[in-house]
Amino acid sequence: MTVVSVSMPEELLERIDSFAEDHGYTGRSEVIREASRNLLGEFEDVRLEDRDLMAVVTVLFDYETTSVEERMMRLRHEHEHLVAANFHSHVGAHYCMELFVLEGDLESISAFVGKIRATTDTLSVDYSVMPVDEFGPTTGNGDH
């Protein structure tokens, strides 16, 4: 097996080590391998390929980290064909939440989520994806 060196904050390493111990992993390498497989497999669901999809992406960050908010605004504008709606809210005393509603194909949504995850200083990124076409055809009378 190839050995890979990865840089990460000490706090994250401590959480990984604690997780490994609490859940019976042989060590941090096993945790990192499983997390990597899960991340890479997230958007490889063949049931979502070639379908019209909707995604909701929620990003939490410290409100003093203006670089994250600027990055979210830049991504929204760069992907305006994909972003159906965007909502910004203050959460608690020190945090902001950015919510994106996306409509597009699996590749576009995956790329967008990847760019958000790659943004430095986000505290959490959560999302859900669902096929829009499984709701069936609209009735044409304005009911959805």
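Figure 1. Ala-85 touches Leu-99, Phe-100 and Val-101, leaving aside residues up to four places away in sequence; contact means heavy atoms within 4.5 Å. The residue sits in strand β2, which spans 83-91. Helices (H or I, at least four residues) and strands (E, at least two) are DSSP runs, numbered from the N terminus. Between the C-alpha atoms of Ala-85 and Val-101 the distance is 5.0 Å, with 16 residues separating them in sequence. Ala-85 counts as partly exposed because its relative accessibility is 35%; buried means under 20% relative accessible area, exposed over 50%, and partly exposed in between (1.4 Å probe, protein chains only). The model is predicted: local features need pLDDT of at least 70, side-chain atom pairs count only at pLDDT 80 or more, and totals for chains, interfaces and linings use all residues. Residues are numbered from 1 along each chain as its sequence is written, and side-chain values use heavy atoms, with hydrogens and water left out.

**Figure 2. Overview of the chain.** The chain holds four helices and four strands, in the order α-α-β-α-β-β-α-β from the N terminus on. Of its 144 residues, 25% are buried. Taking contacts between residues at least 6 apart in sequence, 67% join residues at least 24 apart.

Figure 3. Helix α3 covers residues 66-78. Its 13 residues reach 18 Å from first C-alpha to last, close to the expected 18 Å at 1.5 Å a residue; the expected span is 1.5 Å times one less than the number of residues. Val-68, Met-72 and Leu-75 are buried in α3. Seen down the helix axis, the buried residues of α3 fall within an arc of 65°, so they line one face of the helix. The arc is that of the directions from the helix axis to the C-beta atoms. The cover over the buried residues of α3 includes β1 (53-62), β3 (95-104), α4 and β4.

**Figure 4. Helix α4 and its buried face.** The twelve residues of α4 reach 16 Å from first C-alpha to last, close to the 16 Å expected at 1.5 Å a residue. Leu-106, Ile-109, Phe-112, Val-113 and Ile-116 are the buried residues of α4. Down the axis of α4, its buried residues fall within an arc of 135°, so they line one face of the helix. Among the elements covering the buried residues of α4 are β1, α3, β2, β3 and β4.

Figure 5. Thr-119 counts as buried because its relative accessibility is 9%. Not counting residues up to four places away in sequence, Thr-119 touches Val-68, Arg-71, Met-72 and Leu-75; of these, Val-68, Met-72 and Leu-75 are buried residues of α3. Thr-120 counts as exposed, because its relative accessibility is 57%. The C-alpha atoms of Thr-120 and Thr-65 are 9.6 Å apart, and the two residues are 55 apart in sequence. Asp-121 has a relative accessible area of 45% and is therefore partly exposed. Its phi is near 80°, a positive value in a residue other than glycine.

**Figure 6. The largest pocket.** The largest pocket holds about 1,100 Å³ of space. On a 1 Å grid over the protein atoms alone, a pocket is an open set of points where a 1.4 Å probe fits, with protein on both sides within 12 Å along at least five of seven lines, and lining residues have an atom within 4 Å of a point. Grid points are joined across faces, edges and corners, and a volume is the space filled by probe spheres set on the points. Of the 25 lining residues, Leu-12, Arg-15, Ile-16, Ala-35 and Leu-123 lie nearest the centre of this pocket. α1 (10-22), α2 (28-41) and β4 each supply at least two residues of the lining, and α2 gives the most, with eight. The lining comprises 14 nonpolar, six polar and five charged residues. Ala, Val, Leu, Ile, Met, Phe, Trp, Tyr, Cys and Pro count as nonpolar, Asp, Glu, Lys and Arg as charged, and the others, Gly among them, as polar.

**Figure 7. The second largest pocket.** The second largest pocket has a volume of about 440 Å³. Its lining has 14 residues, and Val-4, Val-6, Arg-28, Ser-29 and Ile-32 are the closest to its centre. In this lining, α2 gives the most, with five residues.
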